[in-house]
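Take a look at the model below.

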Amino acid sequence: MIKEALQYIIGLQQPRIEEIYGENYYFRNDIPILVDSCRRCEPLEISTLTSLVDYIKERMAYDFNGTGDLPQMIVHVESETEVRLVTVFNNDMARWNLVKVKARVPAIVLNKFIDQESFIIQMQSMFQNTEDKAIVMQVAGNVEDKTVANYGDDGVTQKATIKTGLANVEDILVPNPVKLQPFRTFHEVEQPEIDFVFRMKNGMAGVSCALFEADGGAWRFRAVHSIADYLKKELEGVGNIAVLS
């Protein structure tokens, strides 16, 4: 009698799935949880890859099933700004979305002309410091109004007059193309280097500037692979985790 009672108590502590009135319930410590409702739960939303790595390492240390087996997980790098943590197929051939990571990146104005001051502020605050950034800012910050020349403009090369001192000016070629690194992905990985066409023009409100992407979006693929490589390195040694990009 005592043996049967002990076996009953131990059985209550083991996780199990039972069908009740057509619904599947997951029992742990004799507490029923609707399986379908768990799958529809909103994923945890975070904004850094570091938090995702910490979450995975802590979760994998927890016996999710109560059987000693670690849960199967997939880290899916969906884009340069989004990563998801999902489970493998469950009994209903669906996946549970556990975590959604969305990078916080600034809204950079590209592929259109903006006024000179806004352009310079954007360059200072939203681009990493590189050699080409310094050149672009020197030209954009010192160009004299009404001097962006149309002669010799073949669609790539422009001429402009910039201030080189208190009383000195100089005609220069506007650099093109330029390699810049705007903040467009997670800060834990290196920002992708992108080729831009740098253009300026005169208008009623003065000089305006623009950067046009010139790599056909190839930078996105490089960013995705960089994120995947970072996660693989940080999760090295963590079992039952696959990183896909």
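The report starts with the sheet and then turns to single residues.

This is a predicted model: local features need pLDDT of at least 70, side-chain atom pairs count only at pLDDT 80 or more, and totals for chains, interfaces and linings use all residues. Residues are numbered from 1 along each chain as its sequence is written, and side-chain values use heavy atoms, leaving out hydrogens and water.

An open sheet is built from four strands in the order 8-13-12-11, with antiparallel pairing. Strands (E, at least two residues) and helices (H or I, at least four) are DSSP runs, numbered from the N terminus. Two strands pair if DSSP finds at least two bridges between them. Strand 8 (114-115) and strand 11 (178-180) are the edge strands, and each pairs on one side only. Strand 8 runs antiparallel to strand 13 (residues 206-213), and two bridges join them. Ile-114 has Cys-209 in strand 13 as its bridge partner.

**Two residues.** Lys-201 lies in strand 12 (residues 194-203). Asn-129 sits in the loop between helix 4 (116-126) and helix 5 (131-142). Buried means under 20% relative accessible area, exposed over 50%, and partly exposed in between (1.4 Å probe, protein chains only). Lys-201 is partly exposed, at 40%. Asn-129 is exposed, at 71%.

Here are two C-alpha separations.

| C-alpha pair | Apart along the chain | Separation |
|---|---|---|
| Asn-129 and Leu-180 | 51 residues | 8.5 Å |
| Lys-201 and Asp-115 | 86 residues | 9.9 Å |
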